[in-house]
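Open the model in your viewer and keep the selection tool at hand.

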Amino acid sequence: MANAVERFERAARAAGLAVEVRRFPQGTKTAADAARAVGCEAAQIVKSLVFVADGEPVVALTSGANRVDPERLAAALGAREVRRATPEEARAATGFAIGGTPPLGYPRPVRMLVDEDLLGLPEVWAAAGTPDAVFRTTPGELLRVTGATPASFAER
Ligand code: 5CA
């Protein structure tokens, strides 16, 4: 587990992203948990959710206030079929377990979209490798280091 945070920190450093990982013993496994621990709005939590689009993994960086609409996600990706990844598929694609999946630090490049609802916020918090670790960043930095494409794919 500590190893997963170190892996994330190395990737952040390599990307030129200054991160200070914060650990919360009470846990940050879900967006609601993370918002409670940090003391921010759920909307400021970045969920790094793994989907499978026409057989390829995709990460949808999603506001903690939103739920992904798989049909809208498929439209945004130009994919025929989109479904939630299994926990095993998610780990294979990102190298991290669900609940601690960070937005970067994956073993190989993964196509990424970012929820437009995150982009206007002054600061956001994302997982840092484990279900008790998060870091603060800005939407601009998130876009820069992930290469994610802004899109609208939340349930409306
Ligand atoms: N650390 C927090 C805040 S950054 C976090 O990682 N939140 S999360 O939303 O990105 O990760 C938890 C999400 O994993 C849940 O919202 C849910 O969408 C997904 N998840 C949980 N269990 C499963 C499962 N069995 N299969 C697929 N996805 C799952």
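A residue counts as near a molecule if one of its heavy atoms lies within 4 Å of it. Select the ligand and the residues around it: there are 16, and Thr28, Lys47, Arg84, Ile98 and Gly99 come nearest.

A word on the model. It is predicted, so local features need pLDDT of at least 70 and side-chain atom pairs pLDDT 80 or more, while totals for chains, interfaces and linings use all residues. Residues are numbered from 1 along each chain as its sequence is written, and side-chain values use heavy atoms, without hydrogens and water.

Next, pick out polar contacts (pairs of N or O atoms within 3.5 Å). Start at Thr28: one of its polar backbone atoms is 2.5 Å from a ligand nitrogen. At Lys29, a polar backbone atom is 3.4 Å from a nitrogen of the ligand. Move to Ser48, where a polar backbone atom lies 3.4 Å from a ligand oxygen. Overall, the protein covers 74% of the 610 Å² of accessible area (Shrake-Rupley, 1.4 Å probe) that the ligand has on its own.

Now colour the shell by class. Eight residues are nonpolar, five polar and three charged; Gly counts as polar here. Which strand gives the most to this shell? Strand β2 (a DSSP run of E, at least two residues), residues 45-53, gives five.

A pocket is an open set of points on a 1 Å grid, with protein on both sides within 12 Å along at least five of seven lines; lining residues have an atom within 4 Å of a point. Of its 24 lining residues, Lys47, Ser48, Leu49, Ile98 and Gly99 are closest to the centre.

Finish on β2: with six residues, β2 gives the most to the pocket lining.

Definitions and conventions
A polar contact is a pair of N or O atoms within 3.5 Å; within protein, one must be able to donate a hydrogen and the other to accept it, and residues adjacent in sequence count only if both atoms are side-chain atoms. Helices (H or I, at least four residues) and strands (E, at least two) are DSSP runs, numbered from the N terminus. On a 1 Å grid over the protein atoms alone, a cavity is a set of points where a 1.4 Å probe fits but cannot get out, and a pocket is an open set with protein on both sides within 12 Å along at least five of seven lines; lining residues have an atom within 4 Å of a point.
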